[in-house]
Amino acid sequence: MQLGTLFIASHVLSSGSVRETARQLSMAASTVSAAIRGLETELAIKLTERGSGELVVLLASGKVRDGLQPIVRSVEQLSEWIGNAQSNPARIAIKIATMERFLEVADQGSINRAARRLKLGQPQLSLQIATLEKLIGHQLFARQAQGSTLTDEGQRAYAIFSTVVQAWNDLKSQADERYQRSARALRIGSIIPTGSESWVARCLGTLVSQWNASRSKNAISLVLMTADDLREALKSGRIDVAILDSVFGLERFQHRELLQTDMVMIAPRASRDTTVRALVENHPICTPSSRTGLGHAVMALSHERAVNRRFRNQDITAADSLPVIVDLVANHGYVSFLGRVSALPIADRVRLVELGTHVAMSYYVAFNHRKAAADASAMIIETVAAIIGEPVAPAAMLA
């Protein structure tokens with residue numbers, strides 16, 4: 001990283017605007033954007049994002065902005081000291097690596113000794129120091145037979161560079177800790193539960209509690225997605241474990257069946273129709289898309305039950321959020337289909353209707369090669385077995 005880049009990025013975090021920073025520093029907006037992206041990459045943290053075409057500074061940026069302040073002040077001091085065409089703080093092209101090498105030469109009192117410690121060639125290091133002196137416009141070392149000693153200007157540079165390197169190392173150490181935590185984290189993805197009382201939500205809650213009680217060195221990170229997104233996330237390595245209703249396309253991953261159930265219809269509690277055919281004819285239908293196991297199972301079923309439907313134009317066949325489906329049924333007159341194990345806990349909000357034919361459904365856990373993923377999957381299987389073995393709701397009213 002260069003000092004000018006850090007100076008620019010700090011201004012962005014303070015002003016919250018790429019355009020405003022570019023205007024203040026008389027720079028191209030693309031240069032300013034590149035500076036903030038470079039800082040995010042170096043620190044392994046997202047500091048900004050785009051919202052409605054405008055830059056939004058995220059909460060995490062506050063600590064980074066504060067951590068950059070010693071560097072900003074040092075860059076301003078250096079700019080005043082240089083006092084030439086290169087003195088614009090935003091355009092100072094000195095790299096932190098160059099400053100670290102200067103400090104090593106000063107501490108060792110010899111370019112030769114510093115080069116050996118840094119595993120660099122002595123001519124290469126000498127050239128870098130000479131280039132640094134030329135950029136600053138001052139001689140920093142007095143070369144003597146016994147080594148190199150700092151001049152008065154060199155001592156001034158030493159004080160400035162020490163402050164910069166210390167502040168940067170503090171920021172980088174925090175980034176290294178974040179990276180290590182991220183690398184150790186076990187990322188678990190799950191289909192979106194119908195609610196906090198559902199078997200999925202109860203399973204994940206129990207898993208986190210037991211996992212943390214076991215003092216595992218791997219922290220757990222949870223994310224909820226559609227079944228289709230879970231498959232893609234597992235394939236791309238963004239998650240390690242997936243709880244989903246279909247393992248189609250996951251042949252190269254290990255997977256286990258979590259539970260078997262059958263399908264029931266869910267309808268508004270106020271509806272008077274008693275058969276599936278009548279409910280399909282007289283209500284709009286909402287189901288997950290056919291990319292999900294549930295959606296694939298119900299699509300043919302729902303359309304085979306009635307050809308001439310009054311509410312066909314209101315159907316929603318890609319509602320991949322189960323909480324939204326439940327709300328549409330409970331509060332907006334829709335009908336849908338769920339696995340019985342998911343429908344029973346919400347029997348107080350919707351009416352459950354038997355299909356008259358058995359439509360089997362299964363849920364699975366799929367996982368990658370990590371031992372922690374296999375351990376978590378085994379715990380998930382045990383947890384689900386215990387949860388499903390318990391009564392999940394009072395006797396439901398089944399039509």
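1. Where do Arg-23 and Glu-20 both lie? They sit in helix α2 (residues 18-25), three residues apart, about one turn of the helix. A salt bridge here is a side-chain nitrogen of Lys or Arg within 4 Å of a carboxyl oxygen of Asp or Glu. Arg-23 is exposed, with a relative accessible area of 56%. Glu-20 is partly exposed at 26%. The cut-offs: buried is under 20% relative accessible area, exposed is over 50%, and partly exposed is in between (1.4 Å probe, protein chains only).

2. A word on the basis. This is a predicted model, in which local features need pLDDT of at least 70 and side-chain atom pairs count only at pLDDT 80 or more, while totals for chains, interfaces and linings use all residues. Residues are numbered from 1 along each chain as its sequence is written, and side-chain values use heavy atoms, with hydrogens and water left out.

3. Now the whole chain. The protein chain has 15 helices and eleven strands. Both are DSSP runs, numbered from the N terminus: helices are H or I with at least four residues, strands are E with at least two. Of the 399 residues, 48% count as buried. The chain exposes about 19,400 Å², and carbon and sulfur atoms supply 50% of that. Accessible areas come from the Shrake-Rupley method with a 1.4 Å probe; for residues, only the protein chains shown count as cover.

4. Contacts come next. Take those between residues at least 6 apart in sequence: 71% join residues at least 24 apart. Contact means heavy atoms within 4.5 Å. Thr-194 gives a local example. It is placed in the loop between β5 (186-191) and α9. Thr-194 counts as buried, at 6% relative accessibility. Setting aside neighbours within four places in sequence, Thr-194 touches Leu-322, Pro-323, Val-326, Leu-338, Ser-342 and Ile-346.

5. Helix α4 (residues 61-82) deserves a look. It has 22 residues and reaches 30 Å from its first C-alpha to its last, close to the 32 Å expected at 1.5 Å a residue. The expected span is 1.5 Å times one less than the number of residues. A kink of about 35° lies at Gln-69, shortly before the proline Pro-70. The bend at a residue is the angle between axes fitted to the seven residues ending there and the seven starting there. Buried residues in α4 include Val-64, Leu-68, Ile-71, Val-75, Leu-78 and Trp-81. Gly-83 follows α4, and its phi is positive, near 60°.

6. Three aromatic pairs are counted. Phe-102 and Phe-141 form a tilted one, 5.2 Å centre to centre with 50° between the planes. Phe-102 lies in helix α5 (residues 96-108) and Phe-141 in strand β3 (residues 141-144), so this pair ties together parts that are 39 residues apart in sequence. Both Phe-102 and Phe-141 are buried. The rule: rings of Phe, Tyr and Trp (its six-membered ring) pair if their centres lie within 6.5 Å; planes under 30 degrees apart count as stacked, over 60 as edge-to-face and the rest as tilted. Ring pairs also link Phe-102, Phe-141 and Phe-161 into a cluster.

7. Which kind of pair do the rings of Trp-199 and Tyr-363 form? The planes stand at 65° and the centres are 5.1 Å apart, so the pair is edge-to-face. Trp-199 belongs to helix α9 (residues 199-213) and Tyr-363 to strand β11 (residues 360-367), so the pair ties together parts that are 164 residues apart in sequence. Trp-199 is buried, with a relative accessible area of 3%. Tyr-363 is buried at 4%.

8. Back to charges. The count of salt bridges is twelve. Asp-262 and Arg-340 meet in one of them, at 2.7 Å from N to O. Asp-262 lies in strand β8 (residues 254-267) and Arg-340 in helix α14 (residues 340-343), so the pair ties together parts that are 78 residues apart in sequence. Asp-262 counts as buried at 14% relative accessibility, and Arg-340 does at 18%.

9. Asp-375 and Lys-371 form another salt bridge, at 2.9 Å from N to O. They are four residues apart in helix α15 (residues 371-388), about one helical turn. Asp-375 is partly exposed at 34%, while Lys-371 is exposed at 63%. Elsewhere, salt bridges that share partners join Arg-187, Asp-240 and Arg-370 into one network.
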